[in-house]
Amino acid sequence: MTEQQERTPVNSCAGCGAALQTEAPDRPGYIPAKALEREPAICQRCFRIRNYNDAASVAIDQDDFLRMLSRIGSSADSSFIIHIVDLFDFEGSLISGLQRFVGNNPVMLVVNKVDLLPKVTNFNRVTNWVQKQAKEQGLKVVDIALVSARKNQGFERLLAKIGEHRRGRDIYVVGATNVGKSTLINRLIRDYSDLDRELTTSRYPGTTLDLVHIPLDDGKYIIDTPGIVYPSRLSELVTRQDLGVIMPDRPLKPSVYQLNAGQTLFFGAMARFDFVQGERQSFTCYLSNALGIHRTKLEKADELYAEHRGGLLAPPSRKHADELPPWTKHDIRVPRGARCDVFVSGLGWIKVNGDSGALLSVHAPKGVKVLLRDSLI
Ligand SMILES: Nc1nc2c(ncn2[C@@H]2O[C@H](COP(=O)(O)OP(=O)(O)OP(=O)(O)O)[C@@H](O)[C@H]2O)c(=O)[nH]1
Ligand SMILES: [Mg+2]
């Protein structure tokens, strides 16, 4: 048996890594027997995602996956870890405690989806911001790179950095669901190798189901992994249809609201932003362009929500309104002179532009991460 066969079982799907089986169509890895001969063999689910853009979501066992991750860590210094985070959901997609899993193996932080930032963004500032955040989160990284796997931005530098730090090790690509792990590896395969391979990607979280080993020129592997599911990301809680609304697909067009204290913004019926106290100031919303924002008076907000949830205030639609957890209210004090964003994981952020401080209340589905951070832009 060659090393490659040993590591990449021939009986696993080349798109998502699931073990192939011909018995149960509704279980991961199902492939009709006659399709088994195709080379490379991909499961029916991957086939459907690629050709019809539809696929049932499949839950994988997170504990199994976390155990797998910690096995990477137990072999000290034998792997190079690329930790991908989504710039649109930075705090939501960062793996806190990654160090615990990966032991002494070097980690490089790759911040993906930079194409979503407005065209006029100052990227030096963003790089500094990422460095500072990573440090504050206690992440020990050998390097940081900003890229867009979709738009092929930052790849020359990314490759140079990988070349500098990898030193002949296998590369594990890890991250939360939907951050673009498989898209990034596909980009590397397509533009920087002669391999004829393609990993399955989709706009829904939970696409990759098991490890997928892809051979590198030096006999080592780059390994795609399933995403870690964090229920603190709004994007994990909404329906697939609503995900299409809250997840930006093109560069953000921030919208600016001049508010007086006592005014409220509704972001569909996904979240609510109350300006409770402070001088008149402007707030810049960095949210998917497809999500409707509705302004009202704070004193009328409860009533408006009760009456128009799922109608004027949507998504979610009336039919799906009860599938999201009820809102939790987060009281947030923005200090005088601070440059801050109110961040809602999976939804985006609201930049507070005033210097005079503010008292805010943010209502978001229970469990969703809401926090105040240094402003990104
Ligand atoms: N805007 C933008 N979208 C991206 C980028 N990279 C990936 N995506 C999109 O993000 C979604 C998820 O991409 P995947 O590559 O499947 O993500 P993943 O991390 O492998 O996801 P799992 O396998 O579910 O863990 C897809 O809709 C991609 O098109 C990027 O650089 N910019
Ligand atoms: Mg994937």
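**A first tour**

Mentor: Let's start at Thr239, which sits in the loop between helix H9 (234-237) and helix H10 (240-246). Helices (H or I, at least four residues) and strands (E, at least two) are DSSP runs, numbered from the N terminus. This is a predicted model: local features need pLDDT of at least 70, side-chain atom pairs count only at pLDDT 80 or more, and totals for chains, interfaces and linings use all residues. Residues are numbered from 1 along each chain as its sequence is written, chains are lettered from A and ligands numbered from 1 in the order in which they are written, and side-chain values use heavy atoms, with hydrogens and water left out.

Trainee: OK, and what does Thr239 touch, leaving aside its neighbours within four places in sequence?
Mentor: Thr239 is in contact with His320 and Glu323; contact means heavy atoms within 4.5 Å.

Trainee: What share of the residues is buried?
Mentor: Buried residues are 52% of the 377. Buried means under 20% relative accessible area, exposed over 50%, partly exposed in between (1.4 Å probe, protein chains only).

Trainee: And what about contacts between residues at least 6 apart in sequence?
Mentor: Of those, 72% join residues at least 24 apart.

Trainee: Let's pick a helix. How many residues does H8 have?
Mentor: Helix H8 (residues 181-192) has 12 residues. From first C-alpha to last it reaches 16 Å, close to the 16 Å expected at 1.5 Å a residue; the expected span is 1.5 Å times one less than the number of residues.

Trainee: Which residues of H8 are buried?
Mentor: They are Lys181, Ser182, Leu184, Ile185, Asn186, Arg187, Leu188 and Ile189. The elements they pack against include strand E1 (79-86), helix H7 (155-166) and strand E4 (170-175).

Trainee: Switching topic, which peptide bonds are cis?
Mentor: One is the bond from Glu39 to Pro40, with omega near -5°. Pro40 is in the loop between helix H1 (3-7) and helix H2 (44-52). A cis bond also joins Ala314 and Pro315, with omega about -5°, and Pro315 lies in the loop between helix H11 (298-308) and strand E12 (327-334).

Trainee: Why point those out?
Mentor: Most residues other than glycine have a negative phi, and most peptide bonds are trans.

Trainee: Is Arg167 buried or exposed?
Mentor: Arg167 counts as exposed because its relative accessibility is 66%. Asn178 has 17%, so it counts as buried.

Trainee: Last stop: where is Tyr305 found?
Mentor: Tyr305 is in helix H11. Beyond its neighbours within four places in sequence, Tyr305 is in contact with Phe266, Ala269, Leu313 and Trp327. Tyr305 and Ala269 are 36 residues apart in sequence and 7.8 Å apart in space, C-alpha to C-alpha.
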